[in-house]
Amino acid sequence: RDLGRTPCLLSTSLQGAFADNALLRVTSKKQPGLRLYARAHSQNFSASVRGISVLRAVSDAVGLGDKEVELRETSEGEAELSQVVIVLFDRYLSKRDIWHMHLAFMQDGGQVIYSSIDHNMMPHVPRSRIEKLVEKAGAGTRTVCCGRVSPKTEVVFKSGCVNMVVLIQVSSELVAYSLSGRAYWEILLDCLGQMVDKALRIQSSDGDGHYIRFVLFARRRGDPQGWSEVTPVVTAEEKVASSFCPSSPAFGIRSRSSAGDSEDFSVDGTHMGRSPTTSGEETRDYYEVVWEGVARALPPTHQLLMRIRQVFSVLQEERHRSRVGDALGHSSEQLGGWHGISVDELTDASRGNLLECLNVVLDHMDQHYLDRSLRITGQSIVLLTAGDGLVRASSRELYKLTHRRFTSSGPSSKKGFYMICVREPPLHQVPWVQWENGPQPLPGAAHNLEEAVGDLPP
């Protein structure tokens, strides 16, 4: 039952018993619920086989324990799959490559694939794995071990290695306290540390893993005449740690202010763009890359979080001094934390520069063909915020632009943005994007942007 690499081989003596390319089902009297299919394709017949030979991995997956089985022709619809989830490893695939791979599934009446072997797509992708096969079962669905791909089958491609940008929002809510008595910035750092340890770090046999960028971003408000600027100090070790990409030290992301100006910013600096709010108050946006490189080169988690912890702890200390000064009846000295921003100058998360920051990242992803890593296919954005999921856009046009860019940013854009909120959820639906004279949040809880507003970016 374990001959070669073909999942099912048939004896040449059976070739005349079935129509060319007919769909066959393996049945057993002892196992009436057996679900195993094969194609009567000329390449699946071999003179060295007596009866039918099934790969051991396939027979173990379907639970085939009987050596006496029967073959019968069956209808194409019986084996039709409703969904196929495929994970691609260590190889870049363009949208054209994925289209050709999908087309190959449609040939010869629909390819029969198996979830228990890793070479269903060996001619197309050397390293891939079928994660899940799903078929319709009455009003619901169920997971199966094999089936036929049809034009109606939803084929989902997942990448084992992605170009990931982890966005960390610096907002006024970070220094507030949760119901548990902990500051939200502490909860956010715990969440980030768990994500690094459990999702981003790789084993020694998994290649280089994801290419990751950790980015801090914030929006500053108030009178620009009173703003102080602090140039970040970057050590030689930090510069070396951020030089894994051929495009380093420049990050390659561009940001556009409301006036249309744009500048590059690098791992040893920031970009600052001014933009007026809907209330006419002038603001300034800040972006800084904390760390950049492949997952294999990730530093220890406590070292990675140290720089971010310093930013948050200075803001917390400044808020504490401010409250003590108010209680004593005198003003306290501002510490001038991250880039000289005081905690009172930070906007709340809902009025921050999230949509602008997403467009900055999309500017970078739009140029993914430059310095292309041939081991990475997918693109992903993860946001960690102390907000509650409400986003106040400066205009509907900004939202529509962001939505349009997400839907056209590549094969992995449908589920490419994940928002992690460490604050308690509000009483209305979130995530929710709101603009002036736009729809108001509805009562109740939603789990994704598409539920909150029908045409929001995924």
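Among contacts in the protein between residues at least 6 apart in sequence, what share join residues at least 24 apart? The share is 76%, where a contact means heavy atoms within 4.5 Å.

Before you start clicking, note that this is a predicted model, in which local features need pLDDT of at least 70, side-chain atom pairs count only at pLDDT 80 or more, and totals for chains, interfaces and linings use all residues. Residues are numbered from 1 along each chain as its sequence is written, and side-chain values use heavy atoms, with hydrogens and water left out.

**Stop 1: the whole protein.** Show the cartoon and you will find 8 helices and 22 strands. These are DSSP runs numbered from the N terminus: helices are H or I with at least four residues, strands are E with at least two. Of the 458 residues, 48% are buried. Buried means under 20% relative accessible area, exposed over 50%, and partly exposed in between (1.4 Å probe, protein chains only).

**Stop 2: the largest nonpolar core.** Select Val-166, Val-170, Leu-192, Phe-214, Leu-298 and Phe-312, the residues with the most contacts inside a core of 39 residues. A nonpolar core is a set of buried Ala, Val, Leu, Ile, Met, Phe, Trp, Tyr and Cys residues joined through side-chain atoms within 4.5 Å. Now colour α3 (184-200), which gives this core its largest share, 8 residues. Others that supply at least two residues each include β13 (162-170) and α5 (301-328). Zoom in on Leu-298: leaving aside residues up to four places away in sequence, Leu-298 touches Val-196, Leu-200, Arg-201, Ile-212, Phe-214, Trp-291 and Leu-304. Apart from this core lies another, of 24 residues, with Leu-354, Leu-355, Leu-398 and Tyr-399 among them.

**Stop 3: helix α7.** Select residues 396-407. At 1.5 Å a residue, these 12 residues should span 16 Å, and the end C-alpha atoms are 17 Å apart, which agrees; the expected span is 1.5 Å times one less than the number of residues. Which residues of α7 are buried? They are Leu-398, Tyr-399, Thr-402, His-403, Arg-405 and Phe-406. These cover an arc of only 165 degrees around the axis, so they sit on the same side of α7; the arc is that of the directions from the helix axis to the C-beta atoms. Turn to the other side of α7 to see Glu-397, Arg-404 and Thr-407, which are exposed. Then show α6 (354-365) and β19 (378-385), which are among the elements covering the buried residues of α7.

Stop 4: Select Cys-191, which counts as partly exposed because its relative accessibility is 24%. Cys-357, at 1%, counts as buried.
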